[in-house]
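Please look through the sequence and the coordinates below before reading on.

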Amino acid sequence: MLTLTDTAAQVIRDLSSQVTDSPDTGVRISSQSDGTGSLVLSIAEHPESADKVVESEGARIFLDPQVVDMLDDKSLDADVDEGRSRPTGRSSTPGWSCSGRSG
């Protein structure tokens with residue numbers, strides 16, 4: 001199952017709270033419809049009916065069914081720069097890092 005680092009959980013909580021006060025808000029990860037295998041991250045007020053919900057430290061991630069297997073052994077991370085949350089990364093989704101777990 002996808003895991004979140006402490007920093008990623010904080011960034012997701014911050015982003016979600018900027019959109020709405022609803023506790024159901026989170027980040028949705030889906031596949032891009034162009035067939036490139038790229039992922040799309042977006043703020044969502046609630047999960048879609050078929051989404052798998054991952055919760056960590058108050059952060060909610062909604063996984064589109066098409067990406068569940070792809071992200072099963074991954075960990076999502078983000079960086080904080082100059083006192084503000086700024087995702088940075090090495091993945092196909094600019095600003096976020098998603099890597100396989102070792103061990």
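D64 is found in the loop between β5 and β6 (74-77), where strands, like helices, are DSSP runs numbered from the N terminus, with at least two residues (E) for a strand and at least four (H or I) for a helix. The model is a predicted one, in which local features need pLDDT of at least 70 and side-chain atom pairs count only at pLDDT 80 or more, while totals for chains, interfaces and linings use all residues. Residues are numbered from 1 along each chain as its sequence is written, and side-chain values use heavy atoms, with hydrogens and water left out.

Is D64 buried or exposed? D64 counts as buried because its relative accessibility is 13%, the term buried standing for under 20% relative accessible area, exposed for over 50%, and partly exposed for the range in between (1.4 Å probe, protein chains only). Leaving aside residues up to four places away in sequence, D64 touches R28, I29, S30 and D51, a contact meaning heavy atoms within 4.5 Å. With R28 there is also a polar contact between the two side chains, at 3.1 Å; such a contact is a pair of N or O atoms within 3.5 Å, of which, within protein, one must be able to donate a hydrogen and the other to accept it, and residues adjacent in sequence count only if both atoms are side-chain atoms.

Strand β2 (residues 26-31) pairs with β5 in the parallel sense over three bridges, two strands being paired if DSSP finds at least two bridges between them. Strand β4 (residues 52-56) pairs with β5 in the antiparallel sense over five bridges, and K52 has L63 as its bridge partner in β5. The hairpin of β4 and β5 has two residues between the strands, and in this hairpin E57 takes a positive phi near 50°.

In a regular strand the side chains alternate between the two faces of the sheet. In β5 both faces are covered, with A59, I61 and L63 buried on one side and R60 and F62 buried on the other, so that five of the five residues of this strand (residues 59-63) are buried.

For the chain as a whole, the secondary structure comes to one helix and nine strands, and the order along the sequence is β-α-β-β-β-β-β-β-β-β. Of its 103 residues, 34% count as buried. Among the contacts with a separation of 6 or more, 55% are between residues 24 or more positions apart.
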